[in-house]
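Please look over the model shown here.

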Amino acid sequence: MIHLGDYMREFTHQSRFMLTGLVPKGTDDESLIAGMEELESLIKTYGGLVCAATVQKADYPHRETFVGAGKAQEIADTIAAERIDVVVINNIVKPGQLYTLEKIFYRSNPNIKVWDRVNLILQIFSLHARTKEAKLQIDLANLRHMGSRLFGMGYILSRQGGGIGTVGVGETNTELMKRHWRNEMRNIGKELSKLSKGRENQIEKRKRAGYLTAAIVGYTNAGKTMLFNRLTGKVNLVADALFATLDSSVGKMVIPGIRDDVIVSDTIGFIRNLPTGLVDAFKSTLLESIHADLLLIVVDSSDPEYGDKVRTVDNVLLELGLDEKKRFYVFNKIDKVVAPEKVGSAKQYAPMPAVFISAKTGQGMEGLTKLILQSLHG
Ligand SMILES: Nc1nc2c(ncn2[C@@H]2O[C@H](COP(=O)(O)OP(=O)(O)OP(=O)(O)O)[C@@H](O)[C@H]2O)c(=O)[nH]1
Ligand SMILES: [Mg+2]
C-alpha cells in the first residue's frame with residue numbers, strides 16, 4: 001500500500017541547515033554578521049532552512065576537525081537536538097577535514113552532510129545549470145575542489161543536478177581513484193574546450209563584422225541581468241537570489257536615435273572566498289567578458305558591504321587577467337539609497353569614471369549609454 005503522507009513528505013521536506021565557520025579572532029561583529037547573512041542567503045537560494053548557527057573564533061583551522069574538537073562536539077549536539085540535515089562551513093575546507101567531521105556527526109545523524117562554502121555554491125550552480133556547458137564546468141569545479149578523494153570518500157558526481165551526495169562507499173584503491181579522477185578531468189576538459197572553440201568562433205565573427213562589445217560583470221545579485229535587459233530589451237530571468245544567472249548571454253544594445261553596433265553580454269556573478277580553480281573552471285562562460293572591449297562593473301550601491309564586494313570583483317578580474325581592460329563602475333540600485341551623494345565618492349574608484357543608475361526605474365540610463373559609446377570609441 002502506498003502511504004501518500006510519506007510520499008508527500010519526501011517531496012515537501014526542506015533540508016534543515018546549520019551554519020558554522022571560522023573567523024579570525026579580531027573580526028568585528030558587523031563583518032561577522034554580514035558573512036553569516038550572505039551564507040544564509042546562499043542557503044535560501046538553495047532552498048534550505050537555516051535552523052542553527054555557531055561561529056568559531058580562531059586564527060588557524062584545526063588540522064583534523066577544522067573548527068576544533070570542542071566546537072565539533074557542540075555542533076554534533078545541535079545536529080541531534082535540531083534534526084539538522086546539512087552543516088555548512090563558511091570557509092574553504094579540505095576534503096579530509098569534511099570527512100572527519102562527517103564521522104564525528106554520524107552518531108547524531110547517520111545521513112548528515114558536511115559541506116564547505118564551495119560545496120554549497122556548487123550545489124546552487126547545479127540547481128541553476130541549464131546548458132551543457134554550465135553542467136560540465138560545475139563537474140570540473142567539483143573535481144578540482146574535492147580532488148581524487150571525491151571518489152574514495154563516497155562522494156559522487158551527478159550531472160543531473162544532484163551534485164554531491166554521500167553514499168558511504170568507503171575507501172577504495174588510491175591509485176585507481178587518482179587515475180579515475182585524472183581521466184574524468186581530461187574528458188570534461190576536452191568537451192569544454194570544444195564548446196569554448198565554438199564560442200570563440202562566434203566572438204571572432206562578431207569582431208570581424210565590426211561589432212564592439214561591452215561585458216557586464218560584478219558581484220552576484222548586483223542587478224547585472226536587470227541592466228542587461230534594459231540595455232538590450234531582452235527579458236532574461238531577474239531574481240532576488242544569488243547566482244540566478246549561470247550562463248552568459250549576449251544581445252544588441254538598443255540606443256534610441258543611434259545606429260551603432262554594440263553587443264552587451266551578461267554572465268555569472270562573482271562571490272568572495274572562492275578558490276582560483278573554480279573561477280578557472282568557469283572560463284568558458286566568462287569568455288565573453290574576457291574578449292570584451294569594455295567592462296561595465298555593476299555595484300549594488302544599496303549594499304552596506306559594497307566596498308568589499310568591489311574589491312572581490314577587482315580580484316577576480318585580476319585572476320582572469322582583465323585588470324588592464326577598459327572599464328568603469330556602474331553604481332546600480334541608486335533608487336534604494338538614502339544618501340546617494342556618499343556612494344562611490346571614495347577615491348578608490350578614481351580615476352575611472354562612475355555612473356549612478358537604477359536598472360529598475362531607468363534613472364541614469366541615458367548617461368550610461370553615452371559613457372558606453374564614448375569609452376568604446378574613445
Ligand atoms: N531597487 C532596485 N532593485 C534592483 C535594481 N536592479 C536590480 N534589482 C533587484 O536586484 C535583484 C537581483 O537582480 P538581478 O538582475 O537578477 O541581479 P544579477 O546581478 O544578475 O544576479 P545573479 O545573476 O544572481 O548574479 C532582483 O531582485 C532585482 O529586482 C535597481 O536598480 N533597484
Ligand atoms: Mg543575473
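Helices (H or I, at least four residues) and strands (E, at least two) are DSSP runs, numbered from the N terminus. This is a predicted model, in which local features need pLDDT of at least 70 and side-chain atom pairs count only at pLDDT 80 or more, while totals for chains, interfaces and linings use all residues. Residues are numbered from 1 along each chain as its sequence is written, chains are lettered from A and ligands numbered from 1 in the order in which they are written, and side-chain values use heavy atoms, leaving out hydrogens and water.

Q: Which residues come nearest to ligand 1?
A: A residue is near a molecule if one of its heavy atoms lies within 4 Å of it. There are 23 residues around ligand 1. The nearest of these are Thr-220, Lys-224, Thr-225, Ala-244 and Asp-335.

Q: How do the residues of the shell around ligand 1 divide into nonpolar, polar and charged?
A: Ala, Val, Leu, Ile, Met, Phe, Trp, Tyr, Cys and Pro count as nonpolar, Asp, Glu, Lys and Arg as charged, and the others, Gly among them, as polar. By this scheme the shell has nine nonpolar, eight polar and six charged residues.

Q: Which helix gives the largest share of the shell around ligand 1?
A: The largest share is three residues. They belong to a helix that spans residues 224–232, namely H9.

Q: How far is an oxygen atom of ligand 1 from a polar side-chain atom of Lys-333?
A: A polar contact is a pair of N or O atoms within 3.5 Å; within protein, one must be able to donate a hydrogen and the other to accept it, and residues adjacent in sequence count only if both atoms are side-chain atoms. Lys-333 uses its side chain, and the separation is 3.0 Å.

Q: What percentage of the accessible area of ligand 1 does the protein cover?
A: Accessible areas come from the Shrake-Rupley method with a 1.4 Å probe; for residues, only the protein chains shown count as cover. Ligand 1 on its own has 650 Å² of such area.

Q: Is Lys-333 buried or exposed?
A: Lys-333 is found in the loop between strand E11 (327–332) and strand E12 (354–356), and has a positive phi of about 60° although it is not a glycine. Buried means under 20% relative accessible area, exposed over 50%, partly exposed in between (1.4 Å probe, protein chains only). Because its relative accessible area is 17%, Lys-333 counts as buried.

Q: Where is Phe-66 found?
A: Phi of Phe-66 is near 65°, a positive value in a residue other than glycine. Phe-66 has 5% relative accessibility, so it counts as buried. Its place is the loop between E2 and helix H3 (69–82).

Q: Is Tyr-60 buried or exposed?
A: Tyr-60 lies in the loop between E2 and H3. Its C-alpha atom is 8.3 Å from that of Leu-22, 38 residues away along the chain. With a relative accessible area of 69%, Tyr-60 is therefore exposed.

Q: What is the distance from the backbone oxygen of Thr-54 to a polar atom of the side chain of Thr-20?
A: Thr-20 is in strand E1 (residues 16–23). Its relative accessible area is 1%, so Thr-20 is buried. The distance to the backbone oxygen of Thr-54 is 2.9 Å.

Q: What separates the C-alpha atoms of Ala-52 and Leu-19?
A: Ala-52 belongs to strand E2 (residues 49–57). It is buried because its relative accessible area is 13%. Along the chain Ala-52 and Leu-19 are 33 residues apart, and their C-alpha atoms are separated by 6.3 Å.
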